Amino acid sequence: MDLFSWDSDLIEGVLVQFFSIFIGIVVLGLVYIIFGVSYVIFQPAYSALNLPYPFESILNSIGIFFFIGWFIGFLSMTKIITKGEIESPAKFFLGSFLISMVLISLITGLNFINGFVWGLILSVLGVMIMYLIKLFSEYNEWW
């Protein structure tokens, strides 16, 4: 067992998941700045005129933008950091699970059950994406 390869897969998992969550938070923040600030400014006028605010449905489902950002971040970081080659998906999963569990626990105010569940979900999705990237890279030259 080569210790260097074990460490590199674990560290790559940590780095990919960390930057993916960071990009997801940035996308969520940008969407909230664009639609949330205008909501705070214009909603009283719409309310006074008894009109529905046109972007309220976007603000109600704003969490999906985190996953869109996370997905784009995971694809790009996987291609940049790992270059599509992981020797041990289990160690990559372990690294991504540990960092996502810690980050989500910190984001949700030290709610460790929430961090565990969402860390597990993001890590399983990440390993599935890694498998799909490996599958597509075998059949497509452009990937």
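**View 1. The whole chain.** From the N terminus on, the elements of the chain follow the order α-α-α-α-α. In this predicted model, the chain has 5 helices and 0 strands. The radius of gyration is 19 Å, well over the 15 Å that the globule rule gives for 143 residues, so the chain is more spread out than a compact globule. Taken along the principal axes, the box filled by the C-alpha atoms is roughly 70 × 40 × 20 Å.

**View 2. Spans annotated as transmembrane.** An unreviewed UniProt entry places the feature "transmembrane region" at residues 21-42, 62-80, 92-110 and 116-133. Two of these spans are described here. Residues 21-42 are 100% helix and 0% strand, and their end C-alpha atoms lie 31 Å apart. Residues 116-133 are likewise 100% helix and 0% strand, with 25 Å between the end C-alpha atoms.

**View 3. Packing of helix H3 on helix H5.** Helix H3 comprises residues 63-82 and helix H5 residues 112-139; the two pack at an angle of about 50 degrees, with their axes 11 Å apart. That angle makes H3 oblique to H5. The crossing of H3 past H5 is right-handed. On the H3 side, the contact is made by Phe67, Trp70, Phe71, Phe74, Leu75, Thr78 and Thr82. H5 contributes Trp118, Leu122, Leu125, Gly126, Ile129, Met130 and Ile133. By class, the contact of H3 with H5 has 11 nonpolar, 3 polar and no charged residues.

**View 4. Packing of helix H4 on helix H5.** The axes of helix H4, which spans residues 89-107, and of H5 come within 7 Å and cross at roughly 145 degrees. H4 passes H5 in a right-handed crossing. The H4 residues in this contact are Pro89, Phe92, Phe93, Ser96, Phe97, Ser100, Met101, Ile104 and Ser105. They meet a set of H5 residues that includes Phe112, Asn114, Gly115, Phe116, Trp118, Gly119 and Leu120. Also among the H5 residues are Leu122, Ser123, Val124, Val127 and Met130. By class, the contact of H4 with H5 has 14 nonpolar, 7 polar and no charged residues.

**View 5. Residues of H5 in both contacts.** Trp118, Leu122 and Met130 of H5 take part in the contact with H3 and also in the contact with H4.

Note on methods
Residues are numbered from 1 along each chain as its sequence is written. This is a predicted model: local features need pLDDT of at least 70, side-chain atom pairs count only at pLDDT 80 or more; totals for chains, interfaces and linings use all residues. Side-chain values use heavy atoms; hydrogens and water are left out. Axes are lines fitted to C-alpha atoms, for helices over the stretch in contact, and angles run from 0 to 180 degrees between N-to-C directions. Helices (H or I, at least four residues) and strands (E, at least two) are DSSP runs, numbered from the N terminus. Angles under 35 degrees count as roughly parallel, over 145 as roughly antiparallel, 65 to 115 as roughly perpendicular and the rest as oblique. A crossing is left-handed if the near helix is turned anticlockwise from the far one by less than a right angle, and right-handed if clockwise. Contact means heavy atoms within 4.5 Å. Ala, Val, Leu, Ile, Met, Phe, Trp, Tyr, Cys and Pro count as nonpolar, Asp, Glu, Lys and Arg as charged, and the others, Gly among them, as polar. UniProt positions are given in the numbering used here, feature names are shortened, and annotations may be inferred rather than shown by experiment. The radius of gyration is taken over C-alpha atoms; the globule rule is 2.2 Å times the number of residues to the power 0.38.
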